[in-house]
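Q: I would like to learn how to read helix packing, sheets and chain contacts from a model. Where do we start?

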Amino acid sequence: MAAIIEIKDLVKDFRLGAVPVHVLKGISFEIERGDFVSIMGPSGSGKSTLMNILGCLDTPTSGSYQLDGVSVGALNSDQLAEIRNKKIGFVFQQFNLLARTIASENVELPLLYSDTPAGERHERAMKALLAVGLAGREDHQPSQLSGGQQQRVAIARSLVNNPRIILADEPTGALDSRIGIEIMAIFQRLNRDEGITMIVVTHDPDIASYASRNLHFKDGRLQGDVRLEKPRDARKDLEQLPAEPVEEVAPA
Amino acid sequence: MNKLITSIRIALRALKVNQARSALTMLGIIIGVAAVIAMVGVGAGATTRIQQQIQSIGSNLIIVLPGSISANGVRLGSGAVATLTQDDAKAIATDCPSVAITAPTVRGGVQVVYGSNNWATTAQGVTPDYMTIRDYTLLFGQFFTTQDVDAAAKTAVLGETVAQNLFGDSDPTGQVVIIKNVPFTVVGVLTPKGQSPTGQDQDDVILLPISTATEKVLGANKANAKAVSSLMVQAISPEAMDQAIQEVEALLHERHRILPGLDDDFTIRNLTEVFAAQETSAQVMSILLGAIASVSLIVGGIGIMNIMLVSVTERTREIGLRLAVGAKRGDILSQFLVEAVTLSLLGGIIGIVTGLTASLLISYFAQWSTQVSMLSILTSFLFSALVGVFFGYYPARKAAFLNPIEALRYE
């Protein structure tokens with residue numbers, strides 16, 4: 001399996017006033033196509049900065065980053081936007097759905113920026129909603145959905161452009177643990193069935209144990225790189241949990 | 001195209017979410033556009049009215065009045081001495097190449113009697129050329145002829161006001177009116193001209209053949225039986241006005257034997273020039289009104305900029321998300337620009353309707369003629385679009401150049 005992400009000697013400095021802050025101090029690693037990677041580390045370890053660079057939202061100060069064979073460092077902001085649009089799906093801790101906008105239109109959002117005709121946009125949004133188990137909720141606004149459902153809408157949005165990788169930044173951080181496992185079950189299925197490379201940033205070792213590889217960061221350096229022989233299966237874990245008696249309802 | 005429609009849809013949705021705010025923002029533009037349309041309408045109406053009044057006098061007109069003379073060191077006022085005659089009129093008409101026709105006039109107050117009705121008005125002794133020079137048309141009957149003038153016939157043409165006061169709405173032609181015990185047969189009634197630029201009723205007049213007027217009604221001037229009160233001269237074209245004035249002046253100098261350096265015994269007035277000045281001042285007023293109204297349009301534009309800036313700040317996270325999922329800077333720029341232009345154009349359209357209504361109300365209640373031209377509607381429509389682009393650009397640019405990472409984290 002060829003690497004989809006190749007990072008070499010990646011350095012990122014920020015300038016706070018006159019003092020340069022070295023956030024990433026020379027990081028090198030590769031992520032293979034179709035892998036499921038978790039990224040862990042304490043606050044300030046530089047993992048968010050790394051995620052921003054991996055997501056083409058930011059560019060490194062030095063070092064190289066190859067995404068799917070493209071050297072990202074040489075691209076301008078429009079070309080980066082195109083890569084974000086075509087190859088990357090984002091899932092955020094706070095869901096970041098558009099308020100007062102129904103689920104299907106939230107999911108369609110990335111397609112607005114890829115010249116997709118309206119009919120096809122809707123069709124693909126419905127397919128993505130079906131894939132995260134939200135068929136029938138397409139006309140609900142975020143305020144009418146529970147947190148777990150909102151995050152699933154966000155996952156559908158990240159899927160709708162058929163991305164190569166999905167970057168999830170603390171996707172379960174705002175959710176109940178059971179719902180967190182449900183989200184991981186969806187990720188595992190997308191990783192297994194669709195072959196989408198998953199990268200999940202988390203604080204929670206339980207969540208990390210669903211990934212097949214753990215990258216551990218500390219003080220801007222890669223500290224640990226562990227491959228799990230047998231990652232946990234979220235679907236099986238869910239079956240063993242006592243069944244939820246009620247369907248998720250929107251919080252008051 | 002597809003993208004533009006999408007941008008417009010996104011913009012409309014964003015505006016709908018904040019309906020009250022959008023409406024208030026638009027109000028600035030609505031008032032601005034409505035003010036421009038109504039004010040320019042008022043100005044244009046005033047200009048047109050002055051133009052109509054000038055036309056009612058007749059075109060390319062020069063008026064020659066008998067002037068002041070000094071008799072034994074006493075200077076007499078203009079018209080006190082009859083220095084202009086019907087012969088001067090004939091000479092001007094034949095000898096001045098830039099003059100088309102002349103119309104000598106004698107004038108005096110009379111009491112006109114018909115049956116038990118009577119009416120005080122101005123009698124003017126004129127020739128048939130007077131009708132041409134003043135662009136008169138007839139409501140009833142016809143004008144008296146040159147033969148009538150030569151024969152000093154007792155015929156009269158009534159102004160509309162006089163006809164109304166003596167005969168009501170009925171056709172007075174063929175009836176006999178009495179002026180100073182002389183019976184006159186009414187041969188025609190003039191089509192009304194309304195007010196003159198100086199506010200006089202131009203229809204309160206009775207026209208008589210000049211010969212009859214001097215001999216039978218007003219009484220001939222003792223010094224000169226052929227003296228006239230004024231002399232209207234029509235130049236052959238608007239461009240020939242100055243030339244005609246010079247020719248008339250030279251001819252009258254010669255005929256009246258006025259040596260160089262001595263005072264003229266006549267005065268020449270270019271009527272068109274006098275009223276053109278009034279017209280210019282009306283136009284200046286309408287430009288001024290429009291300019292003041294435009295200021296409110298600019299204020300409306302600033303309102304749009306203000307609200308768009310608030311909107312950009314409020315929607316920072318949304319902008320960050322759009323950038324993250326692949327919106328280019330240009331997409332964000334055009335989204336917010338379309339939003340601003342939509343606001344200003346919607347405001348513009350409502351403003352046009354409001355302005356039209358306002359100018360109708362002004363003309364209805366203030367009895368003030370207003371005139372809204374297609375041009376001023378189009379201009380204010382385009383101008384409001386321009387206001388949207390101009391005042392929307394800065395906020396839109398601010399949105400487009402947000403850092404997506406910071407925008408996504410913005411609380």
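Predicted model: local features only at pLDDT ≥ 70, side-chain atom pairs only at ≥ 80, totals over all residues.

Q: At what angle do the axes of H9(B) and helix H12 of chain B cross?

A: They cross at roughly 25° and come within 9 Å, with H12 spanning residues 374-400. By the cut-off, H9(B) and H12(B) are therefore roughly parallel to each other. Their crossing is right-handed. On the side of H9(B), the contact includes Leu297(B), Ile304(B) and Met308(B), and on the side of H12(B) it includes Phe383(B), Phe391(B) and Lys398(B). Sorted by class, this contact has 14 nonpolar, five polar and one charged residues.

Q: Are H2(B) and H9(B) roughly parallel or antiparallel to each other?

A: The axes of helix H2 (residues 19-57) and helix H9 (residues 271-314), both of chain B, come within 8 Å and cross at roughly 175°. H2(B) and H9(B) are therefore roughly antiparallel to each other. The contact of H2(B) with H9(B) has 23 nonpolar, 14 polar and two charged residues.

Q: Which domains does the domain assignment of chain B give?

A: The assignment gives domain 1, made of 2-53 + 277-409, and domain 2, made of 100-233. Taken over C-alpha atoms, the centres of these two domains of chain B are separated by 58 Å.

Q: What is the strand order of the open sheet of six strands in chain A?

A: The order is E6-E7-E8-E3-E9-E10, and the pairing is mixed. Strand E6 (88-91) and strand E10 (221-227) of chain A stand at the edges with a single partner strand each, so one side of each has no neighbour in the sheet. On average, neighbouring strands are turned by 15° against each other, direction ignored.

Q: How many bridges join E6(A) to strand E7 of chain A?

A: Four bridges join them, and the two strands run parallel; E7 covers residues 165-169. Gly89(A) has Ile166(A) in E7(A) as its bridge partner. Helix H5 (residues 147-159) of chain A lies across E6 and E7 of chain A and runs at about 170° to E6(A).

Q: How many residues does the contact take from chain A and from chain B?

A: The contact takes 19 residues from chain A and 17 residues from chain B. On the side of chain A that touches chain B, helix H2 (77-87) and helix H3 (103-112) are the elements that give two or more residues. H2(A) gives the most, with six residues. The residues on this side of chain A divide into eight nonpolar, five polar and six charged.

Definitions and conventions. Residues numbered from 1 in each chain as written. Chains lettered and ligands numbered in written order. Axes fitted to C-alpha atoms, helices over the stretch in contact; angles between N-to-C directions. Parallel < 35°, antiparallel > 145°, perpendicular 65-115°, else oblique. Nonpolar A, V, L, I, M, F, W, Y, C, P; charged D, E, K, R; others polar. Contact = placed C-beta atoms within 7 Å. Domains from an automatic or database assignment. Pairing = 2+ DSSP bridges. Left-handed = near helix turned anticlockwise from the far one by under 90°.
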